[in-house]
Amino acid sequence: MGTSISGIRGDRLSSADYEKNFSDLHPPLDRHQALVAADRCYFCYDAPCMTACPTSIDIPMFIRQISTGNAVGAAKTIFDQNILGGMCARVCPTETLCEQACVRNTAEDRPVEIGLLQRHATDTAMEKNIQFYPRPERTRHRIAVVGAGPAGLACAHRLAMNGHDVIIFDARVKPGGLNEYGIATYKTTDDFAQREVDYVLAIGGIEIRNGQKLGRDFTLGELAENFDAVFLGIGLAGVNALRIEGEQLSGVEDAVDFIAALRQVEDKADIAIGRRVVVIGGGMTAIDAAVQAKLLGAEEVTICYRRGKEDMNASEFEQELATSKGVMIRHWLQPKRVIGKDGKVAGIEVEYTEMQDGKLQGTGETGILAADQIFKAIGQTFDPTCVPNLRLDGGRIAVDAEGKTSMARVWAGGDCVKAGEDLTVTSVAQGRDAADSINRALAAAANPAVAVA
Ligand SMILES: Cc1cc2nc3c(=O)[nH]c(=O)nc-3n(C[C@H](O)[C@H](O)[C@H](O)COP(=O)(O)OP(=O)(O)OC[C@H]3O[C@@H](n4cnc5c(N)ncnc54)[C@H](O)[C@@H]3O)c2cc1C
Ligand code: SF4
């Protein structure tokens, strides 16, 4: 341990190295590889893989379709449940979901490559721009969706499938939510997030208005008054602070902002990265920031997590990915103070931690890690200021089992509600299910006799 002189700069690598480092983490299967992979499925009658999928995709069915050469039919099976099945195939932590549950996931064998097979099917259909859902006759119901992330897009598509007109309002300049601004570059390598938005919108009946922020440009009350229903898929706009001395120093950055900048930049050489980078946190964001810092040419990247390996939110696969790229993960360390020199980060003082009587405590033993850049990845928070009248639960929007909020005709889903894991696939499931609930509510309101029956 020691201190370092600031060495944050871009252009650390050759353009060939940037290209190699940020290539596809899991390259797609070709047709022959897909047939071989599909052949390994037992087509289990009780399909535990399907139960483990938050969107309940009929996995044995789509794998069977691939094995008979019908990748387009497989794509329809996937999209029927999950219209963002293409992105989910790239970003789902399959090792903790379907592939973990696969009966072939044993010590002697390995799971069926469900994620890669899903990508093969969805890419095949999307490359040919095959649309499976003709727009039915318009109902003339208008629904406002706030947030064009996975939850909002899935909700809007299902509503359009039912003939409703949808307007999506989003604060940012591009739609896609964290699919566009959060997912690691090596998980979605090209402009796939925008191509997927275009694919979803091709159904018709959905208009996106970017640069429109709830709470600034309009209120929830106005939406509820002017639309037949409202869906909120506004994610987590806030970030947790370290709340330690030196946090304001130049070189202390939010990991989510760093990842977003990397996703948006034309030339990776424009992203400034330190020589010695420390990432504070233990989740997916911490891993993604650390791995990408290494891929950008940082010499030393260390993740500090205040608990043990088994407590990390990042899956074992992700932890192994990080260490395989040269990231050092150190457990039982919490930040105490950022050390500065000439207004810039020079290191971070950390304290060892331990569990005492079931509580995490500092041991008093400290040390200094040299660093010229520190990324905070200690979690995002829901910012309730744009929805002042809604009931919250655990700091997020409170919803019932159908996604209904405490306000009449307002539903919510995705990261902004307290239900399920904060994952792309969970958000898609909640957006889709809220749309079904909205659809039922509109049908019941239009035909009360049916509702009573
Ligand atoms: C760095 C990072 C990496 C991740 N990697 C993965 C991964 O590999 N795999 C995975 O499954 N999950 C991953 N996740 C989690 C996943 O991205 C989220 O669970 C998912 O995107 C949540 O979808 P959402 O639609 O609820 O919210 P978001 O994707 O956050 O979208 C919310 C949208 O609402 C808009 N919005 C917010 N406030 C307002 C407002 N007031 N008015 C109007 N619009 C507003 C935002 O601009 C945004 O477009 C990652 C998350 C992060 C932060
Ligand atoms: S559990 Fe595995 S083998 Fe069984 S249906 Fe699912 S993917 Fe196929």
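Biologist: What volume does the second largest cavity have?

Modeller: Rolling a probe the size of a water molecule over the atoms shows where empty space is left. On a 1 Å grid over the protein atoms alone, a cavity is a set of points where a 1.4 Å probe fits but cannot get out; lining residues have an atom within 4 Å of a point. Grid points are joined across faces, edges and corners, and a volume is the space filled by probe spheres set on the points. Here the second largest cavity has about 100 Å³. It has 15 lining residues, and C41, C44, C49, C102 and V112 lie nearest its centre.

Modeller: Keep in mind that this is a predicted model: local features need pLDDT of at least 70, side-chain atom pairs count only at pLDDT 80 or more, and totals for chains, interfaces and linings use all residues. Residues are numbered from 1 along each chain as its sequence is written, chains are lettered from A and ligands numbered from 1 in the order in which they are written, and side-chain values use heavy atoms, with hydrogens and water left out.

Biologist: Which helix gives the largest share of that lining?

Modeller: Helices are DSSP runs (H or I, at least four residues), numbered from the N terminus. For the second largest cavity, α4 leads with three residues.

Biologist: Which classes of residue line the largest cavity?

Modeller: Ala, Val, Leu, Ile, Met, Phe, Trp, Tyr, Cys and Pro count as nonpolar, Asp, Glu, Lys and Arg as charged, and the others, Gly among them, as polar. The largest cavity, of about 130 Å³, is lined by twelve nonpolar, four polar and no charged residues. The lining of the second largest cavity has 14 nonpolar, no polar and one charged.

Biologist: Now ligand 1. Which residues come nearest?

Modeller: A residue is near a molecule if one of its heavy atoms lies within 4 Å of it. There are 33 residues around ligand 1, with V91, D170, L178, K187 and L214 nearest. By class, 14 are nonpolar, twelve polar and seven charged.

Biologist: Where do backbone atoms of D415 and T424 lie relative to the ligand?

Modeller: A polar contact is a pair of N or O atoms within 3.5 Å. A backbone N or O atom of D415 is 2.9 Å from an oxygen atom of ligand 1. For T424, a backbone N or O atom is 3.1 Å from an oxygen atom of ligand 1.

Definitions and conventions: A polar contact is a pair of N or O atoms within 3.5 Å; within protein, one must be able to donate a hydrogen and the other to accept it, and residues adjacent in sequence count only if both atoms are side-chain atoms. On a 1 Å grid over the protein atoms alone, a cavity is a set of points where a 1.4 Å probe fits but cannot get out, and a pocket is an open set with protein on both sides within 12 Å along at least five of seven lines; lining residues have an atom within 4 Å of a point. Helices (H or I, at least four residues) and strands (E, at least two) are DSSP runs, numbered from the N terminus.
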